[in-house]
Amino acid sequence: FETWKGALKAQGTETEPIVFTSNAVTPAAGDWKGIYFRKGADISSVLDYCRIEYGGNSQNANVYIYSSSPTIKNSVIQYSSNAGMRIEGGSPSIIANTIQLSLDAGIRMKGSASPNVTGNTIQNNVAGIYAEDSGPSPFIATNKLLNNSSYPISLYPTNATNLGDNTATGNLEDVIELRAGNISRDTTWPK
């Protein structure tokens with residue numbers, strides 16, 4: 001499903017989530033494209049109490065966000081053949097989701113992305129949250145990063161200015177990986 005110049009409003013409930021999944025008899029990661037919010041998608045787009053699974057066969061994610069700012073909350077994003085979510089630009093709100101069992105990062109971002117990533121459980125992926133380049137300026141707080149086979153958070157120093165109160169347990173190493181670059185200003189990271 002792709003949104004270009006409209007809105008997608010999928011609002012389920014805790015007991016009756018809206019399910020976006022494969023139609024295969026035996027579903028597998030990558031069976032379908034996933035959900036894409038492209039430039040021009042209406043800011044009122046929301047996925048609330050949804051389950052998005054078995055996607056990722058193009059654009060490399062179950063949920064792909066390109067220069068748009070949807071709200072994705074209270075949802076389960078799982079079994080992607082690549083990243084659970086891929087964010088390239090925009091300021092999406094990613095709140096209180098479970099992002100799990102992806103064959104890449106739970107959340108992968110690059111470019112001018114400035115997502116608000118709060119209160120999520122990101123578990124059993126290859127990596128938890130991963131910035132591909134020094135462009136993103138995410139707000140990452142109060143997330144649980146559990147049992148990812150690489151680092152729970154991997155960023156460039158320029159990405160690591162708004163981190164706080166995240167919990168990491170059972171990952172390759174329970175630390176924030178800072179990759180090549182310089183820290184050019186005073187920054188305090190809360191425990």
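Is Tyr79 buried, exposed or partly exposed? Keep that in mind; the tour reaches this residue at its third stop.

**Before you start.** This is a predicted model: local features need pLDDT of at least 70, side-chain atom pairs count only at pLDDT 80 or more, and totals for chains, interfaces and linings use all residues. Residues are numbered from 1 along each chain as its sequence is written, and side-chain values use heavy atoms, with hydrogens and water left out.

**Stop 1: the whole chain.** Show the cartoon. The chain has 22 strands and zero helices (DSSP runs numbered from the N terminus: E of at least two residues for strands, H or I of at least four for helices). Its radius of gyration is 16 Å, close to the 16 Å from the globule rule for 191 residues, so the chain is as compact as a globular protein of that length (radius over C-alpha atoms; rule: 2.2 Å times the number of residues to the power 0.38). Along the principal axes, the C-alpha atoms fill a box of roughly 50 × 35 × 30 Å. Of the 191 residues, 47% are buried (buried: under 20% relative accessible area; exposed: over 50%; partly exposed: in between; 1.4 Å probe, protein chains only).

**Stop 2: Tyr36 and Tyr64.** Select both. They form an edge-to-face aromatic pair, 5.4 Å centre to centre with 85° between the planes (rings of Phe, Tyr and Trp, the latter by its six-membered ring, pair if their centres lie within 6.5 Å; planes under 30 degrees apart are stacked, over 60 edge-to-face, the rest tilted). Tyr36 sits in strand β4 (residues 35-37) and Tyr64 in strand β7 (residues 61-66), 28 residues apart. Both are buried.

**Stop 3: Tyr54 and Tyr79.** This aromatic pair is stacked, at 4.9 Å centre to centre and 5° between the planes. Tyr54 is in the loop between β6 (50-53) and β7, Tyr79 in the loop between β9 (76-78) and β10 (83-88). They are 25 residues apart. Colour by accessibility. Tyr54 is buried, at 15% relative accessible area. Tyr79 counts as partly exposed because its relative accessibility is 30%.

**Stop 4: the surface.** Select Ile176, Leu178 and Ile183. Together they form a nonpolar surface patch with about 240 Å² of accessible area (Shrake-Rupley method, 1.4 Å probe; for residues, only the protein chains shown count as cover). Patch members have over 30% relative accessible area and no salt bridge; like charges are joined within 9 Å, nonpolar side chains (Val, Leu, Ile, Met, Phe, Trp, Tyr) within 5 Å. A salt bridge puts a side-chain nitrogen of Lys or Arg within 4 Å of a carboxyl oxygen of Asp or Glu. Ile183 lies in the segment after β22 (176-178) and counts as exposed, at 52% relative accessibility.
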